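Here are my notes from a read through this one, in numbered points. Have the viewer open as you go.

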Amino acid sequence: MGFPEASVHPQALVPRALQVEVVRSELLEQLAGADRPCVAVVAPSGYGKTTLLAQYARSTARSVAWLTLAESDVETGQLFLALQRALHAYPGLQIPLDNLPTPDRFLSDLVRRLSEMDGCLDLILDRAERVTRLQGSWLGQLVDALPEGHRLILAGYDLNGFPLARLVASGHVQLVTHTQLRFTLQDTETFLQLREASQDAAALQDALEGWPVGVALACVEDASPVELDDLLHDVLDRLPGDVRQALPELALMEEWSENMGLTLGLTLPANWLRTTRQAGLPLTPLGRGLYRPHTLLLDTLRTELERDPARALPLHLRLAEQAVQQGDLTRAVQHAAWAGDVALLEQSAQTLFPRLRGRHEFALLADLTALHPAPLPAWWQEYSAVAQIETGQVAAGLRLLEQLEQAGALGTLGYAALALQAARRGDFEQQLQQAERGLALPDSPVHQVLNMQRASALISLQRPEEGLEVSQQMVEEARRRGLPLDEANGLNTQQYALMMLRRWDEQEDALTRARALFAANGRASSVLQIDQQLLDIHLLHGRTAEAETLLRDALPAAERNQPVLMPTLLLAKARLLLARSDWSAAAEALDQAEARLQSLGLTVLLPFVHFTRFDLCTAQGDAPAASRAFDVGVTTSVTPLLRDLYLPFYEGARAFDTGDWPRARKALGRAAHESAERGHQLRATVLLAALEEATGQSGSRHLQAVAEQFGALDAALVCAADQPRLTALVTALQERQPDHPLARLGPLRVAHPPASFLVHAESQVRVTFEGQPVRLPLSKAGELLLWLLWYGSGTLPEILNALWDGSRDPRHHEYYRVVVRRLRATLRGLIGQDLDPVPHIQGRYSLHPNLVITSTLHQALQQARQGNPVAILQLRADELLADVESEWVEALREAVRREQHLVLGDLEGQLASRDPDRAVQILKDSLRHQTDQEAFHLSLIRTLLLHRPVEAPAAYQGYVHMLETAHGQTPDPAVRRALTALGLNA
């Protein structure tokens with residue numbers, strides 16, 4: 001790890017650095033002027049990524065922290081330690097790491113400290129191709145959360161672990177690629193002149209295609225034809241014999257310094273590094289006497305070292321011992337394995353492997369467990385099996401565990417893994433057996449996991465009292481030992497038993513306590529799991545604002561870090577939308593949940609999707625679709641738990657719909673007395689009362705039970721899907737018992753023919769109804785209509801903040817109410833229906849779902865995503881609501897710009913390769929609307945260069961004329977060079 005110094009001496013620069021300083025100043029200016037929270041420099045080896053960033057770090061006035069990612073930094077805990085070392089110059093950013101924090105805790109602490117920092121920081125991560133997907137997700141969250149002015153700068157030959165596509169699409173990343181870093185012919189000529197080299201620039205350019213490191217090496221001596229391996233060996237062979245002989249061992253180190261021989265216990269010739277640099281080998285200065293040998297050079301030296309493996313053993317051992325002293329156990333395991341020191345290897349692994357398993361870093365665990373030379377100890381094989389199972393090699397991992405069990409060598413970790421796999425199969429008897437076998441072994445830290453598996457199995461086997469007893473013991477033991485995370489895990493297990501025992505208030509208390517403990521200890525992943533349960537509880541109580549807040553935070557967090565939780569969160573979203581009668585959005589959420597379950601292989605959860613779809617279709621009055629959803633739900637309910645505790649309610653509801661009163665009474669009675677789902681128990685009691693009303697029987701007993709059970713619960717939300725079944729009962733109660741909770745459900749939703757509106761998003765908002773223009777009462781009415789259509793719904797503060805730029809003036813509150821009243825009157829008069837076009841439900845304004853309403857903006861976006869880009873390319877983003885400067889309008893404009901750039905990329909790439917004539921025509925047509933937009937001109941020019949080169953010069957001249965007349969500018973030299981490289985003769 002090196003930190004570039006504030007100044008650099010010209011004689012210390014390698015040729016590549018000299019080249020960058022002379023002819024790549026525009027890239028330094030681009031880095032200095034970037035205003036996005038992330039810059040990604042992505043290019044193959046040899047394009048000067050490190051050199052560019054090192055020179056930028058030396059020249060900028062901003063604060064800079066530099067971290068070169070090492071191989072061992074793939075462990076997240078080690079990455080945090082390395083980041084802390086990189087931030088050593090900024091005491092205010094130092095986070096205590098006595099006990100390695102969770103990624104979420106480290107992130108929140110770092111963001112908080114950055115927000116308190118004077119000035120702005122550039123955090124540079126070099127060798128970013130080593131970022132794992134787990135770390136990439138964390139770094140993506142860091143980019144999202146960075147305080148204004150701070151930046152993350154990444155450089156690597158690929159960023160597969162980093163969510164680059166998402167952040168580029170969101171406008172958070174400025175991308176620098178090899179197309180900007182490679183030499184043009186002019187660059188090569190300039191470089192050769194500076195080096196006083198005699199090579200033919202054109203021949204060198206053709207042979208290397210502008211590859212900077214190849215050009216630099218070619219300048220060392222004449223070489224024709226140019227072959228990189230030959231060039232490297234030619235330069236190496238020019239070194240003095242003692243220096244040449246010493247280099248292969250140094251391939252194990254990714255940063256070199258003159259005195260590194262003392263650190264490594266090697267005898268190196270005096271001034272060996274100066275001699276190496278002067279020979280012209282590719283080394284990048286990092287400052288403080290540190291140099292980065294180029295990857296190509298290291299690969300060449302490693303190949304030589306592999307021919308004599310024994311030569312490297314002493315160095316591997318020394319590096320392993322140093323890594324242990326530094327606490328870098330990943331590197332210690334790697335070097336100990338390569339050195340063949342089994343004792344040191346296992347000693348390091350016994351501390352490291354539990355940490356990796358606890359953090360779910362299974363890919364790294366799989367790589368490290370593969371390093372041990374046979375024979376493998378049993379505990380090592382257990383970790384290897386766990387890593388295989390969690391990285392997709394399930395059969396191989398289970399086979400290894402079964403072999404250990406047959407040999408009587410399986411430990412607690414292995415039994416915990418077998419129990420978990422049994423649970424995933426729905427084999428709860430096997431889960432219980434494996435958990436109890438593991439618990440019979442001597443006590444270990446894994447016993448907490450085994451106890452959770454045992455309690456979970458007992459609950460799933462419908463033995464909730466026993467499961468509750470086990471989980472209570474876990475909670476008490478954790479409290480006695482002061483282990484808050486163990487207590488939270490115990491409470492999370494306990495709440496399932498409490499739910500099965502219908503002790504729902506205690507269940508909510510356990511969930512709330514567990515969530516607080518997880519949140520306080522930085523376990524965001526566990527908080528998400530708790531939130532799944534709390535969502536349904538909030539809906540039962542009518543706490544839709546809390547449910548929406550949870551969903552708004554939980555969905556993106558799960559998408560980034562725990563995709564396995566997405567299906568259940570989407571199901572909760574569908575239930576919320578159903579309760580609001582937003583049926584199309586609810587159906588979409590169900591479709592997404594089903595697709596996720598299929599892709600994750602969690603088919604055991606599919607009945608929840610199908611039965612929720614049954615509820616949705618019932619609420620819509622679509623009996624055939626409801627029947628189909630019910631049948632699929634029954635077919636997919638394969639576990640005893642579902643058949644016994646979940647299915648009875650839906651069997652009763654289905655019998656109710658078909659008028660099979662005896663069967664409905666039996667199934668609903670069972671659900672009312674045995675269901676572990678509180679919502680099902682409540683709904684079953686309500687439907688029993690409705691059944692008795694429908695059959696002319698006295699329903700007082702069930703009606704009294706409903707009144708007692710609902711209490712503070714929200715009958716409208718709980719019974720949203722049942723309202724078509726409750727018409728007669730609600731009508732009767734409104735006459736007989738108007739204070740009854742069910743009497744407050746009506747009036748019921750009445751289906752009306754859809755009314756079709758189109759909102760035209762132009763310089764001002766226009767509206768048409770069934771193709772005819774609508775005169776809006778106030779200008780803000782159009783803005784409100786478009787805002788609600790874009791965002792779905794909003795509270796009064798949210799809408800005032802958007803449409804009145806955060807004003808708290810009471811006059812604006814009153815004016816908003818006038819806008820809503822007059823908009824309602826206008827829309828209601830057009831549709832001729834007795835409904836509220838802008839209902840205010842649970843504190844949120846929205847558009848009534850009966851209104852079929854869209855906008856030209858939505859239509860253009862949808863058409864573009866379906867392969868028809870014409871409409872989106874003709875939209876003038878800057879002219880959308882031209883007189884409105886609110887943030888939400890700028891967000892609309894930015895969404896259009898972002899989509900246009902994506903479409904232009906597709907036109908240049910995919911469409912142009914399939915149908916170049918259509919791509920060219922679309923681009924030409926779009927330019928008639930976007931005459932002053934540079935991106936449109938450049939897309940047309942690049943497409944013409946590839947498919948109609950004869951037309952490209954004229955298009956380029958049009959581009960030049962546009963810059964001069966519209967912007968008073970001339971083409972950027974970098975753009976001109978890029979187009980020239982594509983073949984433009986300007």
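1. Which residues does Leu-569 touch, not counting those up to four places away in sequence? Keep in mind that this is a predicted model. The residues in question are Gln-532, Leu-535, Leu-551, Ala-554, Leu-555 and Ala-558. Leu-569 itself is found in helix α31, which spans residues 566–579. Its relative accessible area is 0%, so Leu-569 counts as buried, the cut-off being under 20%. If you want a sense of scale, His-178 is 391 residues away from Leu-569 in sequence, and the two C-alpha atoms are 41 Å apart in space.

2. A word on confidence before going further. The chain has a mean pLDDT of 82, and 90% of its residues reach 70 or more. Over residues 1–23 the pLDDT stays under 50, though the model still has 69 contacts beyond four places in sequence for them. Residues 747–754 are also below 50, with 15 contacts beyond near neighbours in sequence. By element, helix α1 (residues 15–23) has the lowest mean pLDDT, at 36, while helix α24 (residues 428–439) has the highest, at 93.

3. Helix α19 deserves a look. The helix covers residues 342–358, 17 residues in total, and reaches 24 Å from first C-alpha to last, close to the 24 Å expected at 1.5 Å a residue. Even so, α19 has a kink of about 35 degrees, centred on Ala-349. Ala-349 is also one of the buried residues of α19, a list that includes Leu-344, Leu-345, Leu-352, Phe-353 and Leu-356 as well as Glu-346 and Ser-348. The cover over these buried residues includes α17 (313–326), α18 (329–339), α20 (362–369) and α21 (378–390). After α19 comes His-360, with a positive phi near 65 degrees.

4. Now compare helix α34, residues 623–636. Its 14 residues reach 20 Å from first C-alpha to last, close to the 20 Å expected at 1.5 Å a residue. What sits at its start? A side-chain oxygen of Asp-622 comes to within 3.3 Å of the backbone nitrogen of Ala-625. Ala-625 is buried, along with Ala-626, Ser-627, Ala-629, Phe-630 and Gly-633. The buried residues of α34 pack against α33 (606–620) and α36 (647–658).

5. On to the nonpolar cores. The largest has 73 residues, and the members touching the most others are Leu-784, Tyr-816, Ile-872, Trp-888 and Leu-907. Helix α47 (residues 887–914) gives this core its largest share, nine residues. Take Ile-872: leaving aside neighbours within four places in sequence, Ile-872 is in contact with Ala-860, Leu-861, Ala-864, Val-896, Glu-899, Gln-900 and Val-903. Another core, of 53 residues, lies apart from the largest one and has Leu-577, Leu-578, Leu-645 and Ala-720 among its members.

6. Beyond four places in sequence, Leu-785 is in contact with Val-759, Val-767, Leu-823, Leu-827, Leu-847 and Ile-853. Gln-406 is 379 residues from Leu-785 in sequence and 69 Å from it in space, C-alpha to C-alpha.

7. Is Gln-507 buried or exposed? Its relative accessibility is 5%, so Gln-507 counts as buried. You'll find Gln-507 in helix α28, residues 504–520. Setting aside neighbours within four places in sequence, Gln-507 is in contact with Gln-495, Leu-498, Met-499, Gln-533 and Ile-537.

8. Arg-127 is not a glycine but has a positive phi of about 60 degrees. Arg-127 is in the loop between β3 (121–126) and α6 (133–145), and is buried at 10% relative accessible area. Gln-462, not a glycine either, also has a positive phi of about 60 degrees. Gln-462 is in the loop between α25 (447–460) and α26 (464–481), and is partly exposed, with a relative accessible area of 31%.

How values were computed: Residues numbered from 1 in each chain as written. Predicted model: local features only at pLDDT ≥ 70, side-chain atom pairs only at ≥ 80, totals over all residues. Heavy atoms only, no water. Helix = DSSP H or I, 4+ residues; strand = E, 2+ residues; numbered from the N terminus. Buried < 20%, exposed > 50% of the residue type's maximum accessible area, 1.4 Å probe, protein only. Contact = heavy atoms within 4.5 Å. pLDDT = per-residue confidence, 0-100. Expected span 1.5 Å × (residues − 1). Bend = angle between axes of the 7 residues up to and from the residue. Core = buried A, V, L, I, M, F, W, Y, C linked by side-chain atoms within 4.5 Å. Polar contact = N/O pair within 3.5 Å; in protein donor to acceptor, adjacent residues only side chain to side chain.
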